[in-house]
Amino acid sequence: MSIFTPTNQIRLTNVAVVRMKKGGKRFEIACYKNKVMSWRSGAEKDLDEVLQTNSVFVNVSKGQVAKKDDLSKAFGTDDLTEICKQILAKGELQVSDKERQSQLETMFRDIATIVAEKCVNPETKRPYTVSLIERAMKDIHYSVKANKSTKQQALEVIRQLKESMQIQRAHMRLRLVLSAKEGKRLKEKLKPLLKVVESEDFDEELEMVCLVDPGCFREIDELIRCETKGRGSLEVLSLKDVEEGDEKLE
């Protein structure tokens, strides 16, 4: 015996629903779990990896697909890919309270990590630890916004923290001095950690002046101390401001 299934119904499992109200109607799309935030942060670029199907629904759990006319009226187009992108960007991700709490806690820590990697205490010229930034964020009662990227929110946090603590977005200007032998050996390991090499003098020893993100300072310090057994030197020369207008966080 065949069971009749209406053609406008689709059944999906293990789904993350993104919902948006537009033109007085509710529209939903069915996505893979964990992929919505990856798309919003720019980490995931392939729409097919995010959407379980490029259908637009009135109700995902009941499998009811939205009518073409309703979509055209609300979005001004019947291009499903375009509509799905709009809902992905502006819609609200439907998750359980427990999932939402876990997601917000992860984002809170990610924001604190970005701030710690990009900022220093201008008085000591040293980076802050992630746990100290987390405490400071709790002190100013910063609440994470699930629909904004962690990078955007990190900029917001830096602005707010400036009102209550010494904090500055900056690159650290360092001078590294290593023996010629160790310089040759360590140069390749150091390269990925350096933002800009301002000068390099390789004679009897390697002397470099470079700019680094504060988040790389401890790793560089440790690398030089351990690999040279204390014979190499690392000195913080100054801080180079990252302009406020430079709103991008790489």
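The following legends describe close-up views of a predicted model.

**Figure 1**
With a relative accessibility of 6%, Glu-182 counts as buried, because buried means under 20% relative accessible area. The side chain of Glu-182 makes a polar contact of 3.0 Å with the side chain of Ser-179. When residues up to four places away in sequence are not counted, Glu-182 touches Glu-227, Thr-228 and Arg-231.

**Figure 1. The salt bridge between Glu-227 and Arg-185.**
The side chains of Glu-227 and Arg-185 meet in a salt bridge, with an N to O distance of 2.8 Å. Glu-227 lies in helix α9 (residues 214-227) and Arg-185 in helix α8, so the pair ties together parts that are 42 residues apart in sequence. Glu-227 is partly exposed, at a relative accessible area of 24%. Arg-185 also counts as partly exposed, at 41% relative accessibility. Glu-227 is one of the residues that Glu-182 touches.

**Figure 2. The salt bridge between Arg-175 and Glu-235.**
In the salt bridge formed by Arg-175 and Glu-235, the closest N and O atoms are 2.9 Å apart. Arg-175 is part of strand β8 (residues 168-179), while Glu-235 is part of strand β11 (residues 233-241), so this pair ties together parts that are 60 residues apart in sequence. Arg-175 has a relative accessible area of 28% and is partly exposed. Glu-235, at 39% relative accessibility, counts as partly exposed as well.

**Figure 3. Further salt bridges: Lys-191 with Glu-188, and a network that includes Arg-19.**
The structure holds 18 salt bridges. One of them joins Lys-191 and Glu-188, whose closest N and O atoms are 3.6 Å apart. Lys-191 is partly exposed, with a relative accessible area of 47%, whereas Glu-188 counts as exposed at 53% relative accessibility. The values for these two residues fall on either side of a limit, because exposed means over 50% relative accessible area. Elsewhere, a network of salt bridges links Arg-19, Arg-26 and Glu-28.

His-141 is located in the loop between α6 (130-139) and α7 (150-161). At 69% relative accessibility, His-141 counts as exposed. The position of Lys-229 is in the loop between α9 and β11. Lys-229 counts as exposed, at 68% relative accessibility.

**Figure 4. Packing of helix α5 against α6.**
Helix α5 (residues 97-118) packs with α6 at an angle of about 120°, and their axes are 8 Å apart. The crossing of these helices, α5 and α6, is right-handed. From α5, the residues Phe-108, Arg-109, Ile-111, Ala-112, Thr-113, Val-115 and Ala-116 meet Val-130, Ile-133, Glu-134, Met-137 and Lys-138 of α6. By class, the residues of the contact of α5 with α6 are eight nonpolar, one polar and three charged.

**Figure 5. Packing of helix α5 against α7.**
The angle between α5 and α7 is about 65°, with their axes 9 Å apart. The crossing of α5 and α7 is right-handed. On the α5 side, the contact is made by Met-107, Asp-110, Ile-111, Ile-114 and Val-115. On the α7 side, the residues are Thr-150, Lys-151, Gln-153, Ala-154, Val-157, Ile-158 and Leu-161. The contact of α5 with α7 has eight nonpolar, two polar and two charged residues. Ile-111 and Val-115 of α5 take part in this contact, and they are also among the residues that meet α6.

**Figure 6. The buried residue Ile-29 in strand β2.**
Strand β2 covers residues 25-32 and includes Ile-29. Ile-29 is buried, with a relative accessible area of 0%. Leaving aside neighbours within four places in sequence, Ile-29 is in contact with Ala-16, Val-17, Val-18, Leu-51, Ser-55, Val-56, Val-60, Cys-84, Ile-87 and Leu-88. The C-alpha atoms of Ile-29 and Ser-164 are separated by 42 Å, and these residues are 135 residues apart along the chain.

Terms used
Residues are numbered from 1 along each chain as its sequence is written. This is a predicted model: local features need pLDDT of at least 70, side-chain atom pairs count only at pLDDT 80 or more; totals for chains, interfaces and linings use all residues. Side-chain values use heavy atoms; hydrogens and water are left out. Buried means under 20% relative accessible area, exposed over 50%, partly exposed in between (1.4 Å probe, protein chains only). A polar contact is a pair of N or O atoms within 3.5 Å; within protein, one must be able to donate a hydrogen and the other to accept it, and residues adjacent in sequence count only if both atoms are side-chain atoms. Contact means heavy atoms within 4.5 Å. A salt bridge is a side-chain nitrogen of Lys or Arg within 4 Å of a carboxyl oxygen of Asp or Glu. Helices (H or I, at least four residues) and strands (E, at least two) are DSSP runs, numbered from the N terminus. Axes are lines fitted to C-alpha atoms, for helices over the stretch in contact, and angles run from 0 to 180 degrees between N-to-C directions. A crossing is left-handed if the near helix is turned anticlockwise from the far one by less than a right angle, and right-handed if clockwise. Ala, Val, Leu, Ile, Met, Phe, Trp, Tyr, Cys and Pro count as nonpolar, Asp, Glu, Lys and Arg as charged, and the others, Gly among them, as polar.
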